[in-house]
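Me: Could you take me through one part of this structure closely, and then show me what surrounds it? I'd like one connected answer, please.

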Amino acid sequence: MQDQGKTVVKVGLSTCGIAAGGYKTYETLETEIKNNNLNVELKKTGCIGMCYTEPIVDVIAPDGTLFSYGTVDEEKARRIVAEHIRNGKPPQDLLINEEREAVVGGQVRISLRNCGIINPESLDEYRATGGYKAIEKALKEMTPEQVIDEVLRSGLRGRGGAGFPTGMKWRFTRMNKGDQKYIVCNADEGDPGAFMDRSIIEGDPHAVVEGMMLAGYAIGASQGHVYVRAEYPLAIIRLEKAIQDARAAGLLGQNILGSGFSFELKIKKGAGAFVCGEETALLASLEGERGMPRLKPPFPAEQGLWRKPTCINNVETFANVPWIIVNGAEQYAAYGTEKSKGTKVFALAGKMKRGGLIEVPMGITLRDVIFGVGGGVRDDKQFKGVQLGGPSGGCIPESLLDTPVDYDSLTRTGAIMGSGGMIVMDETTCMVDMARYFLDFVQNESCGKCIHCRLGTKRMLEILTRITEGKAAAEELDLLEELAYNVKEGALCGLGQTAPNPVLTTLKYFRNEYEAHIYDRRCPAKSCPELLTYTINAELCNGCRRCAKRCPTEAITGERKEPHMIDQEKCIKCGNCFDACKFKAVMVE
Amino acid sequence: MAGTAETLGVGIIPYEKIDEIVKKYKGDSSAIIPILQDIQELMDYVPKDSIAYMAEKLGVSPAKIYGIVTFYAQFRLQPMGKYMIMLCEGTACHVNGAKLISGAITDELGIRGGETTPDGLFTLEKVACIGCCSLSPVMVIGGETYAKLTPDATRKIIKEYQQKEEAAQN
């Protein structure tokens with residue numbers, strides 16, 4: 001891959017890197033390298049997972065030594081070229097090697113194995129890391145049953161959230177009779193706060209293609225569909241290129257590698273509906289209908305796309321499969337716990353010091369993930385809770401931080417593994433507001449087919465809104481809980497059945513916050529605007545008028561250089577004055 | 001390239017182009033979603049008249065297509081402003097103050113989610129997650145991502161766009 005004697009410079013250009021200004025960094029490096037006539041190879045790569053310090057630039061010396069630089073803007077890019085590449089003196093103040101070791105070193109990267117390492121747009125680079133060796137091995141040395149057996153023995157479970165054993169799903173789909181079968185990749189990553197599927201497709205699209213091919217061979221399907229969110233344009237572009245390149249190289253199409261196995265892949269862009277992450281809704285959407293779920297059984301393995309046996313797996317699940325086939329089920333199963341084998345990718349976000357993507361063996365504790373790899377809470381504030389599994393998941397308090405991360409332990413807490421989103425919250429996050437936020441989301445995304453979800457979530461949202469506004473009656477807390485259980489039991493699909501989880505877990509672990517809102521009309525996190533009162537401390541106010549200028553309702557009055565006052569009647573609690581004051585004179589209660 | 005409502009003329013539907021799109025999918029009625037995506041790519045929105053036309057071509061009822069258009073968040077029935085502000089309201093952005101950003105935009109432009117300013121410059125669209133959670137709160141304007149926003153930074157960014165427009169007009 002790397003020419004001997006040539007320095008390689010890589011820029012992380014996934015959505016996160018680009019959002020942080022990665023293209024400008026890339027262009028600056030390109031110009032500087034060209035202007036100075038340097039014999040350096042400049043490359044694009046995916047996301048290494050340290051999203052908080054993007055754009056990341058890696059300089060790899062001819063002897064293979066890695067120098068990693070973080071938050072590289074145009075100026076830093078010029079310094080790297082001038083000091084490191086031209087003068088051989090890597091600017092020490094920009095290096096993040098140690099931090100990279102702390103974050104990446106402790107991980108076990110299987111589905112993320114190539115992300116941030118190879119150029120995702122290059123088939124050659126994927127092949128150089130052993131890519132498409134798994135499908136070659138399967139086609140030449142293994143029967144479809146052996147492939148299924150290998151996946152089954154690896155213990156791999158669905159990474160999309162439900163955790164159904166992948167090998168078992170494959171076996172069922174293989175056993176069901178059908179003249180045509182389908183493989184579907186669920187890349188409709190809808191959980192707001194999880195972005196591993198995007199990152200895998202952007203960083204290593206061929207791994208997903210190869211995983212789907214293996215599934216196709218195993219179950220006897222010759223067609224695959226990837227259902228990707230339209231909100232992920234870069235992922236779609238890179239996947240399209242990967243499919244084209246694989247086709248041109250004879251890895252997709254008729255009679256692959258002379259084996260007689262044929263497989264074709266198509267991309268279908270989602271159109272923005274969270275419920276389409278539910279498999280039967282996804283299938284309806286693929287068929288061009290409104291994405292509404294239906295009752296199961298029949299399961300997609302029996303009657304899926306166009307009523308044919310269909311195997312639906314998530315992006316991360318597929319990305320694991322080639323590794324398992326090449327390295328063997330035992331190696332994969334050596335990681336993890338008894339019932340949750342292998343590794344899992346987590347998206348760390350919220351009030352996290354080092355937000356990004358990590359992949360760790362199942363069974364490590366939440367504490368190790370959040371305070372170890374994630375570096376703890378930002379600004380060293382007090383940890384309050386962590387939301388796992390997005391709108392379908394739950395909120396776990398500090399007392400349960402030693403829970404091991406595996407499907408079953410997490411389910412026991414009331415949360416779920418879900419797709420692996422972890423949103424960390426600190427003392428300034430209001431738990432009632434969090435529950436309200438998720439209910440609002442689910443309410444918007446409910447397809448409306450069943451009453452429990454359509455009306456139940458609406459009523460729950462109304463109660464939660466009243467609580468955050470300090471207008472709820474005492475008995476409404478019981479009503480909320482009762483409704484939550486009813487929706488959980490009565491809803492048609494996974495979206496509705498899991499929608500009450502954020503409410504139930506916050507009620508279980510943070511009931512005191514609900515009670516403070518209801519009985520004391522007080523928001524302990526000082527986050528719910530309706531329950532706050534802004535006042536000005538006359539002793540600290542020097543009358544600079546900064547707050548008065550920023551007040552949208554002219555509620556602040558006072559003479560210049562004299563203490564100011566806030567008219568509570570006019571105040572809309574926007575918080576502008578609090579942000580504007582440089583003397584900490586504005587108080588919030 | 002997508003045309004804007006202005007360049008294409010609002011209300012004028014290029015029927016021959018819609019024919020081409022429908023033909024591309026071989027008149028397949030299961031391809032309603034990709035056909036609508038292509039129409040929106042062309043027009044920036046899905047004009048109501050194009051729904052009736054498409055229904056006739058595909059041999060399905062306009063109600064069915066309308067049902068699909070209104071089901072999926074991606075489709076718009078009204079033309080959007082020159083600049084689309086996509087404000088992320090994902091969990092990470094919410095925890096890091098997306099509500100304040102949304103307030104600042106509404107303050108500055110007088111529009112809420114799904115609305116367009118009277119001058120046709122800005123449309124505010126609230127989206128669930130654009131997948132760069134570690135840079136939250138985020139918004140995207142015309143393909144450019146703005147990360148780690150504060151209400152003040154947001155106001156400044158919007159003013160820059162307004163000034164750019166004013167300068168272009170003079």
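**A strand and its partners**

Reply: Happy to. In strand E13 (residues 421–426) of chain A, the bridge partner of Ala347(A) is Gly421(A). Please keep in mind that this is a predicted model, where local features need pLDDT of at least 70 and side-chain atom pairs count only at pLDDT 80 or more, while totals for chains, interfaces and linings use all residues. Residues are numbered from 1 along each chain as its sequence is written, and chains are lettered from A and ligands numbered from 1 in the order in which they are written.

The part to look at is strand E9 (residues 343–350) of chain A. Helices (H or I, at least four residues) and strands (E, at least two) are DSSP runs, numbered from the N terminus. E9(A) is joined to E13(A) by 4 bridges, and these two strands run parallel. Two strands count as paired if DSSP finds at least two bridges between them. E9(A) also has strand E10 (residues 356–361) of chain A as an antiparallel partner, through 6 bridges. Here Ala347(A) stands opposite Leu357(A), and a hairpin of 5 residues leads from E9(A) to E10(A).

How many residues of E9(A) are buried? The count is 8 of the 8, so this strand is largely enclosed by the rest of the structure. A residue is buried if 20 or more other C-beta atoms, placed from the backbone, lie within 10 Å of its own; it is exposed if 12 or fewer do, and partly exposed in between.

Stepping back, chain A is divided into domain 1 (7–104), domain 2 (123–333), domain 3 (343–426), domain 4 (431–519) and domain 5 (532–588). Those bounds come from an automatic or database domain assignment. Taken over C-alpha atoms, the centres of domain 1 and domain 5 of chain A are 45 Å apart.

Then there is the neighbour, chain B: 40 residues of chain A are in contact with 34 residues of chain B. Contact means that the C-beta atoms of two residues, placed from the backbone, lie within 7 Å. On chain B, helices H3 (32–43), H5 (62–71), H6 (91–95) and H7 (98–109) each supply at least two residues of the side touching chain A, and H6(B) gives the most, with 4 residues. Overall, chain B has 8 helices and 4 strands, and buried residues make up 39% of its 170 residues.
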